[in-house]
Amino acid sequence: MIPDHVPEENVYYGSGDLKKESHVPSFDKYKELYMKSIDNPDEFWGVVAKDFFWKSKPTGPFLSYNFDVTKGEIFIKCMEGASTNICYNLLDRNVHERKLGDRIAFFWEGNEPGDESVVTYRELLQRVCRFANVLRSQGVKKGDRVSIYMPMVIELVVAMLACVRIGAVHSIVFAGFSAESLCERIMDSQCLLLITADGFYRGDKLINLKHLADEALQKCRDKGFPVKRCIVLKHLSKEPEESMDSHSPPAKRSCPDLQVPWNPEVDLCWHALISEASDECEPEWCNSEDPLFILYTSGSTGKPKGVVHTVSGYMLYTATTFKLVFDHQPDDVYWCTADIGWITGHSYITYGPLANGATSVLFEGLPTYPDVSRMWEIVDKYHVTKFYTAPTAIRLLMKFGSEPVQKFKRKSLKVLGTVGEPINPEAWHWYYNVVGEKRCPIVDTFWQTETGGHVLTPLPAATPMKPGSATFPFFGVVPAILNESGEELEGPSEGYLVFKQPWPGVMRTVYGNHQRFESIYFKKFPGYYVTGDGCRRDKDGYYWITGRIDDMLNVSGHLLSTAEVESALVEHRAVAEAAVVGRPHPIKGESLYCFVTLKDGVAYSQMLEAELKKQVREKIGAIATPDYIQNAPGLPKTRSGKIMRRVLRKIACNEKDLGDISTLADSSVVEELFQNRCCPSV
């Protein structure tokens, strides 16, 4: 599977200096470790597990599983019989055993330049213990679900680790999602309590988060599921009485005009609660396969699915991928620009870095605010060595040329990373040449919410890089490419990307619906985990992700379900039917192109279009706002009534070669749609 030799031409290598200190310094070393991870996973992961604290040891094999639905229920179990606590391993172990209490865990950089603070590992442990005691005082216990809807502040990390410390299951909802989306996730996971903030700024835009949270809780009540408690962090409306730590400058984010609704029967003030809480809290010892968190990702049916990750396997996998993929060293300053509301923020802002005792930057703002040099200013300010961002951000900043980048030195950078979607070669070269000045390897990581961590990725000093390729599998991961018949393809080929066996960090189920888990990931090709992505393997054995095969769109690195957007559109009183497809976009990767068929007697207008966009924003969130909406008197359908989305994608891109359309019930619909199509400039 892994080639004996890598190509000498058209590849890029990490620097010699990087190889000197690297955990995996050569391709030969990568191959040696990879084969060990496949042939003897107990030994490979056993070495990793020795770095962590276990209250009790495992009683069986490191991994046991069934990936074949024809042989019974799908299951994955890791280190059965062992017990531990992730919060203890991330904080107590680093403070007391590794003597890292005074090391900075996070540099927090606010939306406004100059609004900043730092928190050490010791301070973070104290604050987590206090809030864990607060949660216990509110009746939260092991196994209970807690919903978190917060901006990118240190308290978000505190809240999630406080849940983990007492064995509660956190369900974080991205603060850009709508009240409807928050309500749906609270109800699906039956959350006991909501943690939120008054508001935050996203660039120069004020987000009244408490208002959205209240709206979501009202929707829950209307649907018969009242949430009795909501803990509110006063981030903007009032300066907290207790500063983040002794060396934080005065905040610049105060917004006295923010109107914060308050319901004394439900709402509790974060700052008042922690002021009375003890900073000592005994952790809850959890079994390896106890649930750790639920994180919702879009489903192809339109209903978001609650991905469940469990304790031990996820901890080991995020810790190991972080250490090796970013080649973490003790003096590094690491910055992942993702939001903790997504899996990237879970794995590579919170769990992976803290498990390694890393110092990270936590950024609240935008890459273009107050100007397009903000990211590089932050890199220089904190001497960032390892930098991880999305191709969408790179393409956005490319538009402004190299001058905003070159205003800052960036000499500290050693490794650059990308996440969320395949990076196009043009953006790769700009990132490599301009940002990294041809000295920083790029780790182009492929993974999913479901995989927990990187599954295809270069290693900085070991893997010769091809621009746009995710290269080779991480340790313990066995990929394959299948054709439509489920046959494994060898050598250069293209088809469905699947995995043949589990790794420690893979998801265990869809919350409350194991049958859906089996149906989505294992029924199409029994014996394999199906990613939903297409993949190409070249003659040198490199893997290239070609995009989603199912009804999902990758917009700015975020997966969106076409069915979910269609459902939001047809809820409008004027819409009879809707179909949504992706159209290539130079910045976002894909854009949403929507076809709507109106009810009889309804005229299409700009006002109606604005209403439809607003409806989608309110139902799902701003990230799902349609880029283009086309009036479609009819949609191309087969004789059995199935919408031919393949044809709609061609229309959206103005491509006249439609292929075989002999199954169309009415081909005249297609010509009419071409004549009336939106005319986007890109």
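Tutor: The open sheet has 8 strands, in the order β12-β11-β8-β6-β7-β14-β15-β23, with mixed pairing. Strands here are DSSP E runs of at least two residues and helices are H or I runs of at least four, numbered from the N terminus; two strands pair if DSSP finds at least two bridges between them. At the edges sit β12 (267-269) and β23 (509-510), each pairing on one side only. Bear in mind that this is a predicted model, where local features need pLDDT of at least 70, side-chain atom pairs count only at pLDDT 80 or more, and totals for chains, interfaces and linings use all residues. Residues are numbered from 1 along each chain as its sequence is written, and side-chain values use heavy atoms, leaving out hydrogens and water.

Now zoom in on β6 (residues 145-149) and β8 (residues 193-197), which pair in the parallel sense over 4 bridges. In that pairing, S147 stands opposite L194 in β8.

Helix α11 (residues 343-355) lies across β7 (169-172), β14 (291-297) and β15 (305-310), at about 140° to β14. That angle, on a scale from 0 to 180 degrees, is between N-to-C directions of axes fitted to C-alpha atoms, for helices over the stretch in contact; contact means heavy atoms within 4.5 Å.

Leaving aside residues up to four places away in sequence, E564 touches E184, S298, G302, P304 and I620.
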